[in-house]
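Subject: Structure handover

Hello,

Here is the structure for your set. My notes follow below it.

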Amino acid sequence: MTIFYVLLALLLLGVLITVHEFGHFAAARLCGIPVKEFAIGFGPRLISWKSKKHETTFSVRPIPLGGFCMFYGDTDDDPDGSKMKDDPRNYSNAAVWKRMLSVISGPLMNFVLAFAVAIALMILYGVTVSTPFVADIVQGQPAAQAGLLPGDAFVSVQGQDMTSATTAEVSAAIGDLSHGETVEITVLRDGEEKQFSIQPVFDQAANRYMIGITIQQGYADLPGGMVIPAAWNMCRSATTVILDALGKLVTTGEGLDQTAGPVGVVQMVAEQTRQGGFEIFLYLTVIISINLGLMNLLPIPGLDGSRLVFMAIEAVRRKPVSQKVEAMIHLSGYALLLALMVFFTFKDVLRIFQ
């Protein structure tokens with residue numbers, strides 16, 4: 001089952017990246033910009049076919065971790081665009097507003113996907129109306145020995161307010177904040193707050209510290225007219241939280257120790273989905289999709305945000321930045337992103353074994 005959830009997490013990342021690339025593809029097509037290849041997955045081609053009308057090659061590749069949208073003149077064998085300078089299919093020859101639209105549509109599709117999934121989440125599960133509570137106790141485990149009872153509503157864990165948290169957040173707080181040490185839990189029972197000091201035990205199967213409880217949360221069905229506003233509010237709230245966390249990370253370094261790479265994200269999605277089920281999977285899809293869209297809009301060389309900056313400069317100057325210079329800047333960005341990915345992957349692997 002653990003393998004199943006890991007594969008599900010990998011599939012989620014693949015879908016999010018493919019949707020992002022499809023945004024680039026669809027916008028380019030609508031603007032009349034030729035697309036050289038649109039691929040689902042990475043690695044050697046398994047299946048491919050070419051559209052005679054649009055001269056686009058479509059391919060399916062074996063590694064289902066995303067895909068890519070390749071434009072004419074936007075390839076490694078023509079880094080400065082000199083070979084296709086006069087080719088009408090060259091991406092750089094398209095009007096700057098068309099190129100800007102094709103670039104921004106990638107992140108935009110991540111926001112659209114997040115909103116669509118949020119709507120599905122509201123339809124299937126409604127909105128949270130109560131704090132997380134203890135649904136079941138495993139006899140012989142730390143929670144039962146400490147005196148927790150089914151029906152106890154969480155107030156705080158290690159001093160952190162849990163009255164508006166999700167089941168996944170409460171579970172993560174118990175497993176992550178304790179680091180194996182005694183965890184202080186405050187619950188509400190029959191209108192009275194009760195405090196417990198519980199020593200978690202390490203569960204080999206779950207690869208985390210646990211106290212032996214099942215956590216649930218109350219939900220209320222939404223009237224049809226409230227589904228879309230509730231989904232919108234959820235996406236807006238998630239965007240605000242992500243931007244706030246990103247701002248603190250850049251300005252003060254707060255949260256750097258919690259930053260994860262692809263391995264960490266897969267582990268987190270797999271663990272939370274195994275514990276919380278399909279509802280948590282949908283919730284994480286919303287959060288990660290919004291996060292992917294926002295991150296790609298950052299003006300970091302190699303990301304969509306950086307390309308938009310160059311195109312904005314071109315629109316103001318009415319003259320493009322040297323394609324060779326831009327290519328070198330993006331290449332340095334790719335190198336930086338690759339180095340960060342290796343660093344966070346190494347960090348994620350160490351965290352797993354710890």
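Helices (H or I, at least four residues) and strands (E, at least two) are DSSP runs, numbered from the N terminus. The model is predicted: local features need pLDDT of at least 70, side-chain atom pairs count only at pLDDT 80 or more, and totals for chains, interfaces and linings use all residues. Residues are numbered from 1 along each chain as its sequence is written, and side-chain values use heavy atoms, with hydrogens and water left out.

Pocket

A pocket is an open set of points on a 1 Å grid over the protein atoms alone, where a 1.4 Å probe fits, with protein on both sides within 12 Å along at least five of seven lines; lining residues have an atom within 4 Å of a point. The second largest pocket has a volume of about 500 Å³ (the space filled by probe spheres set on the points, which are joined across faces, edges and corners). Its lining has 24 residues, with Ser171, Met210, Ile213, Thr214 and Gln275 the closest to the centre. Helix α4 (167–177) is among the elements that supply at least two lining residues each; α4 gives the largest share, five residues.

Sheet

Four strands make an open sheet, ordered β2-β3-β1-β4, with mixed pairing (two strands pair if DSSP finds at least two bridges between them). β2 (47–51) and β4 (63–71) are the edge strands, each with a single partner, so one side of each has no neighbour in the sheet. β2 and β3 (residues 56–60) run antiparallel, joined by five bridges; lysine 50 has threonine 57 in β3 as its bridge partner.

Regards
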